[in-house]
Every structure is written in C-alpha cells, then in structure tokens.
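Hi everyone, thanks for coming. Let me put the structure up on the screen, and then we can walk through it together.

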Amino acid sequence: MTVTEDAATTQVQGPDKEVGKARKRKEDARLITGRTTWTDNMVLPGMLHLSVVRSPVAHARITAIDVSAAKESPGVVTVLTGRDLADEQGSIPCAWPVTPDMKNPGHPSIAVDRVNHVGEAVAVIVARSRTAAADAVELVDVDYDLLPPVLDMEEAVRDGADLVHDDLGTNTSYHFVFDAGEAGTGGDTEQAFADADVVVSRRFVNQRLIPAFMEPRSVVVQPQGDNYTMWSATQIPHILRVMLAMVTGIPEHKLRVIAPDVGGGFGGKLQVNPEEILALLVARRLGKPVKWTETRSESLMTAHHGRDQVQFIDVAADREGNVKGLRVRLLADMGAYLRLITPGVPALGAFMFPGIYKFPAYRFECDGVFTNKVPTDAYRGAGRPEATFAVERIMDELAVELGMDPLELRRKNWIQSQEFPFTTVAGLEYDSGDYDAATQQALDLLGYPELREEQRRRRESNDPVQLGIGFSTFTEMCGLAPSRVLGSLSYGAGGWESASIRMLPTGKVEVVTGSTPHGQGHETAWSQLVADQLGVPFEDVEVLHGDTAVAPKGMDTYGSRSLVVGGTAVLKAADKVIAKARKVAAHLLEASEDDLEFTGGKFSVRGTPGSGLGIQEIALAVFAAHDYPEDVEPSIDADATFDPVNFSFPHGTHVCAMEVDTDTGFVKIRKYACVDDVGTIVNPLIVEGQVHGGLAQGIAQALYEEAVYDADGNLTTGTFVDYLVPSAADLPHFDTGNTVHVAPGNPIGAKGVGEAGCIASTPAVVNAALDAVRHLGVSDIRMPLTPERVWRAIHQGGDGGDRATAGSNAYGGAQTETTAGVSTPQSALGGDR
Amino acid sequence: MTRVSMQVDGVTYTDEVEPRTLLVHHLREALGKVGTVVGCDTSNCGACTVHLDGQAVKSCTVLAVQADGAEVTTIEGIAAPDGTLHPVQKAFHEMHGLQCGYCTPGMIMASIDLLKENPDPSDTEVREGIEGNLCRCTGYQNIVRAVQQAAGELSGSAATPETTGAQA
Amino acid sequence: MQLENSFTVPVPVDEAWRVLLDIERIAPCMPGAALDSVEGDSFTGRVKVKLGPINLTYQGKASFIEKDEAAHKAVIDGRGKDQRGNGTAAALITAQLKDEGSSTRVDVLTDLNITGRPAQFGRGVMTDVGNKLLGQFADKLAAQLGEGDAQGDAARAEAARVDAPGSVTATATATGVVEEVAASVEQTPGDNAVAEKVRQAGTATREAAAAATDRSTGEHTAAADPPTTPITAAGSTDTAPATAVAAGGDTAPATTGAAPSGPPSGPTAPPTRPATGAPPRSTPSAAPRPPAAEPEPIDLLEVAGGAAAARFAAPAAGVAAVLLLVVLVVRRRRRR
Amino acid sequence: MIPAPFEYVRPTTVEEAVQAVAEGGEDVKIMAGGQSLIPVMRLRLAAPETIVDLGRVAEMRGVRDEGDALVIGAMTTHAEVITDPLIAQHAKLVAEATETVADRQTRRRGTFGGALAHADPAGDLPAVALALDAELVVAGPGGRRTVPASEFFVDYLTTALEEGEVLVEIRVPKLAGDWGVRYEKFNRVAQAWSIVAVAAAVRRENGHIAEARIGLTNMGPTPLRASATEAALSGAAAAPDAVASAARSAAEGTSPSSDLNAQADYREHLVQVLTRRAVTAAAGL
C-alpha cells in the first residue's frame, strides 16, 4: 500500500491535478448505505415473475413436455415451452466467427426438441409471484430420450466420437491457425524446432472456471405499446440492445436497455443471455412487465463458464538459454453452443503466448470443441490468462531443463526497455515498459534473498514444510480494441468508445460514457479526468452511464478497455467542449481565439493577468444565449468517439512465496508481491483495488476453483459449497507496487488494469508450489492445487490427477491419472491422438 | 399464513407471512428493505447478513416467522438519523473496501458484529471474522484495512451507538 | 456409476430364474419401492429415498428389456423422475445367473445414473444413496431368489428372509475405497403382520447385538465369532470374485468368504475390514408377501440395524450363536 | 430459492415439542438452528410437511454443571458454546471444535444439538461427542431415554433418534485429571466442511500418556473412534516418536468415502497425519 502511494507521487501530473489523486469513490455513498438499484430491486405495477424449468440431463431428445399441472398451479399465468417460442426466439448471437468455415449450430434460448447441456431451459413459468413461479417448476413433466453425453475434449475430437450436434458431423467448431512464418512476423517454426538444442514440451490443463459474480443475473422487461425497456444486470447494455433487436426483430429504436447498479461481472455478464431473450419474448407476448432473477445454483449451472483448455506447448532453445521457437496447440472447450464471443476467447489468447519474450518463431493452432456442457465465454482476462499461464509455466520448465535460474532465463529472453516499441513474433507492437525495473522492485517487496535462504534451510533440514518461490513476468494486451484489428480478426463489431459532455447552466458537468461500469469506479475516475481537463471541481462532475436512452452509444466495459478507450473518449469530448467554449470566450472577452489560453478552467488573454472567463461561466452564457458568436451554435456540449490505433500492453512481475506441507499437500501462500506497470495511474486507490481483486481470482484459479462435471454431465460443483470462491481467511496480504511507463497510444497514458492481477498471478502461484517440491521429483501439478493433488504429485508422481468425481460419477471409482507432460516434441501437436 | 411482528431499523412492522418466507425475502419484498441482498442459496456468501437482536445472522437462513418479536437491523438502519455514517460504513468508503458493492451490506453488518466482540482485531482475526462473507471484487485486503480502521475509530469514540437507526 | 453385486443362493438355477422373472416379487426388492401397476414385462412404481433431511420420491417405470432363458440373463431398464422436479434416476440392471448345481450364483450389474439437483454436490450425496440402494436391492434379491418358488418351504423362506439383514458387504476399489453397507430386516416392505414382525426382529437384532442379550420379541441370539474374520479389501482389478458362502442349516457357524487381497494401490494399504457375523435370526410365521401397497421410504435409519450390528458385534463375539445363513456380498465398483 | 410450503409449529416446552412432532404428520421435521435444514429446503431436496421449530424452547438452551458432567442444552448455539465458561473449563475440546464450525453468522444460529442430530459425518461436533463419551438425552412420547454417543450415530445423516423423538440435552462428562485437548481440522477453504478432522483428548501422567481419546470426523458414514491408536497410546511414553507410531493406526477400522475434495486413500493418509498432530498438541509435546 505504501508502495502504491509512493508510486502515486511519482505521477507525471502535478500535485494540484486530480489525475493521480487517491480520490475516494463517488459511487460508494449509495452502496454502503443500501440505497442501491440492483435489477432485482425493481418492482413494477402488474409485474409477473419468470422461472425456468431446466434440463437435468446433458444430452437428450425431448420427447414430451406436459405443462398442464404447472398451468393449474396457483398463481401461474402461463407456461411456455420451446415449441411455443420456436418461431420467434431466433438464436443467441455469436459475434466472433474466428474462421470463415467455423461451425455454429445456433443457440436457441429455450430448447425445442433437444437439450445439449444440464441446465438448458426447456420451459418458462410465468406467475404472479416469485414463489408461485418457483413452485410450478416442479410440476412440469418432461420426457427425455437420452443421448450419450460428450464431455471430454480429447475424446470428442477422435474419429467416431459421439456428436454433440449430429447435423454438424463433427465436434470441432473451428480450427484456427496463426503461423508467424506465414504471417511474415517470424521465422519457420518447424525449422526452429529442428535446429534447437533443447525442446521442452508440456501438456497443461487450464481448468474450467465459473465467473461466480456475486450479484446473480436479473432482468426486468417493461413493454409499453411497441416500446420495450429492459433492465438487466449486464456489463453490456449497448451491445445487448443491438443484439436483442437482431435476435427478436424488435426495431432497435423501440428498445431501451438499462444497466442500473450492476454487480461485478468479470466477463460473466458480457453476454446476451437466453433468459434476457426469454423475458423480452414473454413480456411482448403478454404485454406485461416481467422479472427473472436467477438463484445461485442456477447461475453456477447456466451462466457461461470460462477457461477450459487443454494446452500442448513446446519451447525450443539453445543450450545457453536463448529461446528459438514456440509452438502451441490448444483444445478449447466451447461447451454446447457458441455464445457471444465463445470462439474468440482462445483466438484472443493466440497473440499472447509469446509473452514478453523474443521468440524468433511461433506457431499457434486451436481447435474449438463442442461438448455437452454450458458454453464458455469471457472470464477476466479471456484468452490472456491461459496464454500467460502456459508460457510462464514452460519458461520454468525450460529453466529446469537447462539448469538455469528461472529469472535468469527470463531476463535473457525478455524485451529490453530500450527496445520499445517492439513488434513481437505474433505481430503485436508492444508499447512501453521496463521488465527489469518491475522485477527488481517486486523482488525487493518480497524480500527475495531472505526467502531463498529460508528455502535452502528448509530443504537441507528436510522440513516437512517446504518453501518455494514462483515468478510470472507477464504482459497482456488491453484497451480493446482498434476496430480495424478487430475487423481483421472477423470480430463482429468495433472497439471504439463514445463520450459526451454536457455543460449545465449552473456550471455543473454531465459526462456521458458508453463504457458501462459495474464496480470499476468510472464515476470517480472520469470525474478526475474531466476535472483536470476542464478545470472544474471534481465534485461538479456527474458521470452518466448504463442507459441507452441516456448514453445511446457505447461498447461497454470489458478487456481492461474503459480508461484507455472510454476515458480517452471523455478527454476528446472535453477537448471539443474547450474548443467550442474558446470561440465563445473569445467573443465575450473580445479577443482573438489565438490569444486565449486555457488553464485551470479559465480562458484568459495572454499577457493580461486577472482578466478571464471560466468555462462554467461560459456554460451559463450559452444557456442564456444572449450574446454569442454568429457562426456557432449556442452550446458548448460535445460528443466524441475514440477508436484506438493500437492495444496497450500493461506488464508486471509477480512473485509468490509458497509453503507446501509435504505431509498433507496443503499449500499456503507465505508472501505475494507484485509490481505492475499500467501506465498512468488516474486513481491509485482504484488501481490497487483492481489489482487486489484480480490477484484473488487468479490465485483462486491456481488453488481453489474448478467447475467439475461428472460422467453424465452433471455439474458437481453446483453450489458455493463445492465451487470454492475463497474468503478473506483463504487469501494472503498482497504487497503491490507500480512502475509507470506511459502508454503512448492514448492521451491519458493509461494501459488498463482490470485484468492484470488475474492474468499474472496464476502461473506465479503454481510455479511457487512447484519450486517448493521440485527437488522431490514433482514437475507439474494440475490446477487447482488441491491438497490431495499436491500430496499425490509428491508421493505418487504425475500431476496429481483428476479430482475424484471429475469425469466420473463413480463415487471413489476414479483413478489417479498421471499425465504430466513429457519431453517429446510430438506431444505439442497432439501426436498422441 | 402466520402473523409476525418485528422491529426493523427502528420501525415496527406487522404482516401475514407464509411460514416458508425467508427473512431476507420478507425484508426485501414486504418491507422494501432492498439494501439487503441475496447472493446464494446455501448460506455461504453472507450478502444477506443482518443483525437479529443485535447478532449477525444470514437472513437467507432464517425464516421470517423466526424473527417474530425480534429487532432486526439492516444496512439501511446503521447510519445515524442525521445521515452520519456508521464508522464501519465510513471506513469502507475511506479504505476503498468495496467495488461493485453487492457484498458490501453483508460485509459491513458482519464487520460491525465482529468489532463488537473483538474491538481490536488483528489482520488474521478480521479475515477469520468475515470468513462467512464472500467478495469477488476486492481481494479482501481493503476490507480488512477498513475493519481495522473502523476498530480504531470505534475504540476512540465509544459513544457511537451500533444501531442508532434502530433506536430512532 | 456402475455397481456390481454378486451372491449365491441355495436354489437351482431354473428355480432362481423363474423367481427372477416374477416382477411382483422382484420389484419390491428395491428398498422403498412400491409397485403401482404391472403390464406384461413392464411395471410402474415409486421409490422413496430418505436421507436425513433429504427426501426424494422417484416415480417411473421399469421393464424387462431382455430375457434370455438359455443364458439365464435378464436386463431390467428402470427410470424415474423425482416428484419435486429434482431430476431423474435411471438404472440398467443386468442379472446373470450361473448354474452351480444345487445353488446359483447371481451377478448383478447395475448402471445407475442420477441427474438433477441431487447430483450437483461434490460430496456425492446421491452416489452414497445409490450405493446403499443397490446394495440393499441386491441383498433383498438374494433373499427372494433364495426362497425359490417353494413359498411353502417355511424354513428356507425364513432363512432367506432373515439372511438379508445379516449380510455383510464389503466394497473395494482400486483406490482403496472401502464402503460397508449392511442391510436390515427393518426395511422389509409391507404393512402386514409378517413384515411388522420382521421389522421388530430387526430392531431387536440391533439391541441384542449391542447388549449381547436376549430381550426382544423374536427368538434370537447375538452374533458370534464371525466379527473377527477379516475381509481384506479386494485388489486393484476387476478380478476379485464375489464370494458368497451359504451355510445351510440351523447350526451352521457363520462363514465368511474373503476376497483375495491385492497389493495396495496407494502408499497406504487399504484397511483391513472386520466382517461381522449375521445377526440373530428371527422366525416370524411364514406367509406369502404381497407387493407392498405403499412404499416405505428407504430411510437410512433402517441401515442402522446392519451398521450397528457391525459395530457392536465385537463385544458380542464369543457368545454362542446359531446362524442360518450368511450371504457375503462383495461389491465392487468399476470405473466406467 | 424458496422452500416448499410447510406447516410451522413453535413449541415452548419439551413436552409441547414432543407432542408437536407426534401430531406433525408423516413428514415432520424438527428444526434446531436451521443452518443445514433451511438450505436443503431452499434447494428443495427436503420438503417436510411440518416444521417443529425448537427455537423458543427455553429449557433446551444453556449449560449447567451436574457434578461429574456438564449438561449442554441441545438448543445452545455454537456461539454460546464457544463463550461458555463452564465449557471452557470442563469441555474445552467442545469449544475448540465449535470454533471451527462454519462461520460467525452460522454459529449464531446453529446449535450443538442440531449439529449432533443432523449427524453429518463431515460435521465437527459428532466426533467430539464420541471422543468425550457424551450421552444424549432424548425425549419421546414414551418419556426420556439416554443414548451414549457411541450408539447415537448410526449412519450417514442418521441417528438413533426414533420417530417422534427429540434430542433434548447432551451430558458431557468432565475430564478429570491432567487432560490436554486439540481439534485438528483439515479443509480447503475456511468455511468448508472438514475433509478430515481429528478430536483428541490426552491425559498425561508421569511423562506417559495415561489415556487418549480420539474422535474422527468424516472417516466413514459416522464419526469414529481411533481405537487402535487409543490403545497404542495408552501407557505410551509422551514422546513424539511414540505418538507418531501410534498415529499410524488411526485409519484402522475407518471407511472414508471419496468425493470431490479427497479420495478415500488420501483421507486414510490424512487421518494419520492429523491424529499425530492432534495428539502431539493435546499432549503438550
């Protein structure tokens, strides 16, 4: 914390600037007093409640649905099945066809004649109360004709495998390839491997996770004639509005979407949910307002999941430790359907596997695979944590193979600070940074030499509790995204952001942002930006968002894009306000525009101190409009849309010290230190908070969380009893710090911070655990590092294996698998299949 | 239906409820106390934490009928009548102990309860004291700081009543 | 989830086969089950499952989908839905009879599939239930088949009926999972006097076993000797033969069979498991048992009889006992 | 989720409670603290017709000293158990284990008796009751009876409570002599159920362990005693080696299940480690 404060004072901005100040958040007032408007708080006159009858089976044909008893249930208004809605429900959109021949089976919001994952909607109850709706769910009788569930990706891609979607003829949705040699951004990968002294290959499992946002999803739809207003706990009201129009045929201008107070989504609310479509269809059909709020178990079972990749990765190097090539092949679990950006998540990661290292050659291949599970989609980091995990893990393995210090190996291969901007083998232009500086600072924070010494002592004394230190020197691409780049990747939309500034007569400022926040503190940070730019008090700025009628244009919040893209749009709008005000000021001050200077919110004529006109006064002047220049409109309000030309590349060094109890396999983080470079820090409090939260989720992937399905496709981690979101007692204190290398791609100089902690921490934690027990013969442990897996890896070899019920419903029938990677070059290309 | 009467944030309410009505649903849906929220269905997340006769409980795991005759304090009832924030509320704001704020009402109510029993908790004691409340945003560190800061303030100004609102 | 049960019954294979095909006698073997209707090879019914606070009622139908007289193999497909919409349960039960002269060896392979809410827990609530359910089913099936068609043969009927509660089961898997499931006569369905008597006897059995005294309604004595016989957990393959030793006659000592022990698969050897002897016998008056009208929930309290007997058997060891029959069921699960 | 509808009865005396249970119909469920029952009802895995809520039965709450034993009312909450001076003095193991149960809020509502009657093998208190040779006083239509803990837990979520019976109070014998105690719990996250836990009470005499009582949590469908280890410790030297050696038989006679958190063989290993640690700590080594 002190470190962050120190970093804050190293800001380029002066002490009187808002940017860089640890402003307490404006948002808090309503949140700490319970005066919030969560979607589920909404009550409308005559509102009906929806509940969803869901498939208990993973794969089946629906042979009959009997809703008669449910319809008779007290308080039930009607019950609708997939048949009833088949002609109007369309398909949940997939905005990212990553290859031209990608197979998309279409995604009904409610199953018509076939279910493809446990939890898929099969009927909707509409009732007068939440209770009546819940009661009637029990009364819907559905007959299923079971089909074999497809659950394991590696089996699913074998010839003759059972198919999730018969009509596609395959379980492979797409095969995506990036080859640096072919793209002209690197050398020939196969040649690099052929020439290499050393090749290390591993198979890593990046397990399925659940975003597990705390606020359950909720949607309220109010029909008014042919207009519809939807309140939804969504990250993406703007995208949702467009998609709702496309899916349902309701004209876009007849739809208004409001994201009121929305709980943190972490990508989990970056979706067009089946239930949002269903709520809209039911409201349209009945002409009545409706509400649907999920339960937690519904949420874990049906809201999209994240990660779930089997990663085959090979690295080639010479004996001196210079990396020569990188080869990656992924199997990425799509789940049963393609949702909004399901196929794009691994593709987004494709460009990040080389990390911060100067690989001369790189090839990436990915198969998107259908299984009878809930679809995957964005979860904090979306593609980048997977890539970072794989490369940071294999760098440690290479170091072991070469007998080198893992940090030394990294240092030898990473981009030097004077080499920025640096174009990587994946074709990305990294903007700025200093990996050495961040690393040194992180080691200092950790107390590295002392811990290494303690590690040595524990090893020598054969202490049952061993200590390990793990690194992750990462970068990520943020600021999604340059629209042209997205276009080249076949993404269905742009990456720009929109902002408006409205100068009110009393001098107060309304900032409208299209980047819809859900806990990130936009109201505070945008106020800081505008206060500086317009020279108005922080308190005089109000930030409006999350309502398509108030903020009609936007691309919303995800991919650590808000400040970089949305914040820049705000600055651009402020510049336009100033430019417009300048004309009025010149008129009123009877001076030439060129002679005016604008500082501290005031226009003054150069060389005549004391004279001047504040921008807030100008706002009143144009409101009155009694006296303004002939050739301008009587307004200084302005809109701006910003489309970035490049991504931004935050980086950092994360160091984890881990204690491993070799008797029980229990792991405990002893100390965690990280230094992140996120460019300019607008609000150090918010930046620190984002890092902390990201660390918690990244550590949770390493140690606690995993969505486990049994052999029938039941999610056995169906409640918070089994899906282990860590509590305060399970997480350590974090020592965080920053270095600041301004991002050249935007005027703020910010790089984005929302995902950094989550992306960086997972491999640092796993590397630390391995470092603690490597001398006992352990070279991999499957995530999450449950005590049992750690214990098995130590005492039985392998990576600790599947968890007992994973992929099996035989209680105790599972066997321990030993699937640690072996150093065979073939394995990377799935030679075993 | 069963008649229940309870004092919530200082106001007495009498209603007919079904026995199966959970306290949190009664608070939210009958009394409009929507500051208290529901985050799970297995009593794990703690978002619904309120004080029942002065003790923190998870209101999703208490039936409304069980609170008959009881005094309930929610997040909406802990600030002073003039709007002055409770020291724990204030500390959450000052220490950036919240982001999206969904877990915050439960976190604050649990923290107040903890500080009543342990006025000067260590880092570990705070962490264990709020183990029944899940937060997905903050990584907890600033929550821990907030609770400790509030502890300092509360011990310095012992006069701050815990449930000012409830005594209005 | 696949469960295997094997046992031997003291009737010739043809006789056992006839009983196996008699739905009205076989269906009630499922604990907590009740037949609602029988139509040809199909039948409908309910299975109530009660586990502490958890209460599920599966309603559905089952039918013989294969009856291979020559091979003495029958396959029953049963599937039901929970009445509260908590998902489905399906079982594919394959029973294979093998002629062993005057007795018959029965191998029951059950592929059990549970969906919905009960399956959504990492602690595998329903898997536990499934294990116990099928274990009890096999025990009762053993009893039924053991009766043969000679319903008038009271002695044998009694023997078979009483045998169920006393059966000792041990389960072993490659990973050393060992579970013990013992059934009790208390679960005997039916509201008639016989069933009641049997239940009482079961209760008494527990008490008797605990106190090693004789203070119940039926003529029974405490178990002896067998508790000390260890059954070693089976080895790591599917080769562990299910062993069942049937001892006929009122005076036969308890006999237990031991599965061959295999090398421990983990660093820790699978525990050695003491086998308990059969509990005391009871002799309710013989009467044909009609299908139960109303299902008795499979309350695992009922299992108490067996479990308690198992636990209390040690102090009871040494007390002379008369055992009619011990059926040892070695049950093991396979990975799918 | 919302529970299915039920009738609700709130007796104020044990007699009323027994009567209410008797009149509650076929599917009556007794609610103590409700901290396990209400979630199960919300998930609709349980849908009792009648709930008999013991929350207002004052006589079932509190701790009293009966000479050689403490009597803990079944409705005494975990929070009350933790802070009770009599328990701190005479049954510290109960307090120590109770502190690990769930979280603060849950401990405010959850009760000692409820936890025992629920008989979850992963619950912490049954093994403690077993280790301490507690006796459970049960009231039913035919009056009261006392069930020793060793006979109370009969199977997974199943106790010796007969239909119509209510667990009223628990007699916990005081430990006489120089006893040390320890509850060693192992789980993955703070508020989770025990993967395995060990409750140990050890009496030392002249540098030896005179007596050890060891209860095991989640090593089978019921709580168990580590009898072989207890026997091995009896008279053993109060030394780490002796304890370690005795702890190696802690898994004897257990039958742990395999689930998402641990397979059976790992549990059998864990129980040995945890037994060693618990006994070592309890013996003050």
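How many residues does the contact take from chain B and from chain A? It takes 44 residues from chain B and 39 residues from chain A, where two residues are in contact if their C-beta atoms, placed from the backbone, lie within 7 Å.

On chain B, the side that touches chain A gets at least two residues from each of helix H2 (87-94), helix H3 (104-117), helix H4 (123-129) and helix H5 (141-156). Helices here are DSSP runs of H or I with at least four residues, strands are runs of E with at least two, and both are numbered from the N terminus. That side of chain B divides into 20 nonpolar, 16 polar and 8 charged residues. For the classes, Ala, Val, Leu, Ile, Met, Phe, Trp, Tyr, Cys and Pro count as nonpolar, Asp, Glu, Lys and Arg as charged, and the others, Gly among them, as polar.

A quick word on what you are looking at: this is a predicted model, where local features need pLDDT of at least 70, side-chain atom pairs count only at pLDDT 80 or more, and totals for chains, interfaces and linings use all residues. Residues are numbered from 1 along each chain as its sequence is written, while chains are lettered from A and ligands numbered from 1 in the order in which they are written.

Now please find B:Leu98, in the loop between H2 and H3 of chain B. Leaving aside neighbours within four places in sequence, B:Leu98 is in contact with A:Asp28, A:Leu31 and A:Ile32, and also with B:Phe92, B:Thr104 and B:Thr138. Is B:Leu98 buried or exposed? B:Leu98 is buried, because 28 other C-beta atoms lie within 10 Å; the cut-offs are 20 or more for buried, 12 or fewer for exposed, and partly exposed in between, with C-beta atoms placed from the backbone.

Let's stay with chain B. Its domain assignment gives domain 1 (2-77) and domain 2 (87-156), with bounds that come from an automatic or database assignment. The C-alpha centres of these two domains of chain B lie 21 Å apart. Their contact takes 15 residues from domain 1 and 11 residues from domain 2. On the domain 1 side, strand S3 (49-52) and strand S4 (55-58) of chain B are the elements giving two or more residues, and S3(B) gives the most, with 3 residues. By class, that side has 7 nonpolar, 8 polar and no charged residues.
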